[in-house]
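Take a look at the model below.

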Amino acid sequence: MILYYSSTGNSYHVAQEIARQHLGELINMAKPGDRQRYVLADGETLFIVTFNCFWGVSKLVRDFFRLHQFSNVQTIVAVITCGGYLGAGDHALQRILKAKNLPQAAVYDLIMVTNYVVFHEVPEPDAQKQALTAADSRLQQILSGQAKPYCSSAPVRILGIFVHGLYAIFRRTKAFSVSGACIGCGKCVRDCPVQAMEIFQGKVRWRKKSCDHCLKCLHSCPTLAINYGRYGRSTLGKRRYRYPGP
Ligand SMILES: Cc1cc2nc3c(=O)[nH]c(=O)nc-3n(C[C@H](O)[C@H](O)[C@H](O)COP(=O)(O)O)c2cc1C
């Protein structure tokens with residue numbers, strides 16, 4: 001069984017590759033649903049694939065594990081995709097699993113392409129291609145058992161408390177803005193994994209005070225109308241990202 005959550009496609013690509021090799025069922029953690037019990041077959045591995053979020057995992061992933069029940073889980077392998085550095089992301093996930101009485105996971109970091117345009121720039125297409133090719137070969141090493149799991153150090157875990165603490169601030173939707181370029185197509189409303197947006201008088205607006213801050217709306221807006229930061233300054237004019245392919 002492969003539980004995944006992806007905003008711009010990196011983690012989805014990884015989840016698909018795992019499903020192809022292990023013939024597991026793909027489950028999108030972002031799909032809203034009632035409380036469920038996931039039962040694994042004897043000897044089946046539970047894979048978790050998600051993206052690094054301020055050296056942790058996003059609220060949606062935390063909520064998913066809080067809500068659902070799991071049975072017969074013996075082995076967990078987690079791949080956390082990131083733009084550069086996992087920080088204390090492994091520790092954050094292990095704590096979620098522990099709280100659920102699930103076994104500790106072998107966590108692997110997988111550097112792909114950053115989509116966190118609030119702080120960074122999405123690299124140029126050639127650099128993206130190189131990074132994704134390198135990520136694919138590392139993924140093969142992970143899946144063939146040749147890679148060493150990631151384990152953050154104690155100082156990084158302490159620093160992680162502060163880094164992940166920023167997430168609560170950045171999740172506030174008042175920092176998003178929409179420009180006159182918005183055509184009210186509603187793509188972002190349909191895409192939003194936490195139903196934080198709506199169309200009002202032909203334009204998008206945020207109807208929740210905070211969201212998962214996955215930036216899917218910002219990256220997938222067909223008219224680049226969505227920005228973040230004061231007057232949209234943090235992301236204005238910056239390249240958008242989507243894992244290449246169909
Ligand atoms: C809210 C947010 C926080 C992020 N924080 C980090 C981070 O702390 N370190 C890092 O290397 N990448 C960070 N990233 C980048 C993503 O983890 C990375 O681009 C990931 O591969 C995206 O996966 P996806 O395409 O499946 O959504 C962050 C992205 C978002 C949206």
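E17 and R20 share helix α1 (residues 10–22). They sit 3 residues apart, about one turn of the helix. Helices here are DSSP runs of H or I with at least four residues, and strands are runs of E with at least two, numbered from the N terminus. E17 forms a salt bridge with R20, and their closest N and O atoms are 2.7 Å apart. The term salt bridge means a side-chain nitrogen of Lys or Arg within 4 Å of a carboxyl oxygen of Asp or Glu.

The model is predicted: local features need pLDDT of at least 70 and side-chain atom pairs count only at pLDDT 80 or more, while totals for chains, interfaces and linings use all residues. Residues are numbered from 1 along each chain as its sequence is written, and side-chain values use heavy atoms, leaving out hydrogens and water.

How many salt bridges does the structure hold? It holds 7. Here are three of them.

| Salt bridge | N to O distance |
|---|---|
| E17 and R20 | 2.7 Å |
| R66 and D63 | 3.5 Å |
| K187 and D191 | 2.7 Å |

R66 and D63 lie 3 residues apart in helix α2 (residues 59–67), about one helical turn. K187 and D191 belong to helix α6 (residues 187–191), 4 residues apart. Salt bridges with shared partners also link K59, D63 and R66 into one network.

Now for accessibility. Buried means under 20% relative accessible area, exposed over 50%, and partly exposed in between (1.4 Å probe, protein chains only). E17 is buried at 13%, whereas R20 is exposed at 58%. R66 is exposed at 57%, while D63 is partly exposed at 28%. K187 is partly exposed at 30%.
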